[in-house]
Amino acid sequence: MTASNTQHSSPAIERRIKRLLIGRAQSFFAITAPGLETLCRRELESHLETINVRGIEKGGVSFEARLHDVYTANLLCRTAHRILLRVHAFRAEAFDTLIQKTQAVPWELYLPSDCEPELKVSAYHSRLYHSDAVAERIRQAIQTRMNIHAPPTSQGEENRRAQRVYARLSHNNCLLSIDSSGANLHKRGLKTGSGQAPLRETLAAAVLMRAGYTGEAVLCDPMCGSGTLAIEGALMAKKIPPGWFREFAFQDWPAFREGRWRHIRRVAAPPEMNWPRPLIQASDQNAAAVQQLQTTLASHGLKDAVRVEQRTFESLSGPALSAESGIVVINPPYGKRLGSRRTAEANYDRIGRHLKSHFKGWKAAVLAPSRRLANLLRFRARHYALQHGGQRVHLLIGRLPK
């Protein structure tokens, strides 16, 4: 973790930062996968000290909060992909206007000096529709402004986290935002590799939250693969923030306050928790996946929460795992790994039969790539439509009959 950039800011810039950014509520947008917006809103409202949710739209939540609340949101929110700070909105039908309006933004208050931000541009129904041309004009305007108003610093580029500016043009209106997260928030900073078709951590967290998992019940992940569901369950059970093991782009902002960040992490620090018997059972047929998951758990202090074994799904049963009913979560192979239609149907029929006969009374949460396959599980469940890597998936959650 690097030191705060405020030590490099001039007194005049510091005064403006305190007055315009720290002293006022700011507008933010939390990006999340379609179908997770309500969960994301609940998380933000439960974690942030001061928040005013402005609205929910497909793929995200708009809200107002204090600048330091974005530290907390990045650290604690399990379902957000990234969180943007809204900077400026204006109308732009020509490149001259785009350059002029962008250059008028006080970028020296938002970005570290000598910064060459990465531009992400989307354009819909606008005269300025060529994203590369828009990105180049905005980049030039930012650099011109920074060269005039932001003195160079002695901080080496090798120590600096990447900064990303988003520009969204819609019907000739331009909205500029800065990414506070850096790497996508599903990257928790734990796994160094991934299994075939890995489940994103944000979706895994949503599955567990929808299933009502709080870290107290026994959790079974019988097709764990790279272990995303089991790891997310362990973080929740041990009350470890999802962003505990990583860094964020906001740590290089001129407005970043190291003292406030240390306080937020101190308050969110996980308590000492150890179990004589793991509450989470993870298993897979693949020996390499099992070994990788065991290594990840051990290197991050999670192995006491998860028992990992190389086993088939059919060798598992609820009563052998726990005297009390728990939660079984399954992310079966789908996509190209499904094989033929007949193989896929047989696989889901097999899963449903084994759940009903060997996990009686347990709550089951199963992902399926289609409603047709989901129906083959044949247990009463609530259906949730979600997105995984641009593909529509179905989540079924229900209590298996005793």
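This is a predicted model: local features need pLDDT of at least 70, side-chain atom pairs count only at pLDDT 80 or more; totals for chains, interfaces and linings use all residues.
Helix α6 spans residues 201–210, and helix α7 covers residues 228–237. Their axes come within 9 Å and cross at roughly 65°, and the crossing of α6 past α7 is right-handed. On the α6 side, the contact is made by Glu 201, Ala 204, Ala 205, Val 207, Leu 208 and Met 209. These residues meet Thr 228, Leu 229, Glu 232, Gly 233 and Met 236 of α7.

Helix α6 is mostly covered, with 8 of its 10 residues buried. The buried set consists of Glu 201, Thr 202, Leu 203, Ala 204, Ala 205, Ala 206, Val 207 and Leu 208. After the helix comes Gly 212, which has a positive phi near 80°.

Helix α9, residues 287–299, contains 13 residues. From its first C-alpha to its last it reaches 19 Å, close to the 18 Å expected at 1.5 Å a residue. Its buried residues are Ala 289, Val 290, Leu 293, Thr 296 and Leu 297. Viewed down the axis of α9, these buried residues fall within an arc of 130°, so they line one face of the helix. An α-helix has 3.6 residues a turn, so residues three or four places apart point the same way.

The cover over the buried residues of α9 includes α7, together with β9 (280–284) and β10 (306–310). On the face of α9 turned away from its buried side lie the exposed residues Ala 288 and Ser 299.

How values were computed
Residues are numbered from 1 along each chain as its sequence is written. Side-chain values use heavy atoms; hydrogens and water are left out. Axes are lines fitted to C-alpha atoms, for helices over the stretch in contact, and angles run from 0 to 180 degrees between N-to-C directions. Helices (H or I, at least four residues) and strands (E, at least two) are DSSP runs, numbered from the N terminus. A crossing is left-handed if the near helix is turned anticlockwise from the far one by less than a right angle, and right-handed if clockwise. Contact means heavy atoms within 4.5 Å. Buried means under 20% relative accessible area, exposed over 50%, partly exposed in between (1.4 Å probe, protein chains only). The expected span of a helix is 1.5 Å times one less than its number of residues. The arc is that of the directions from the helix axis to the C-beta atoms.
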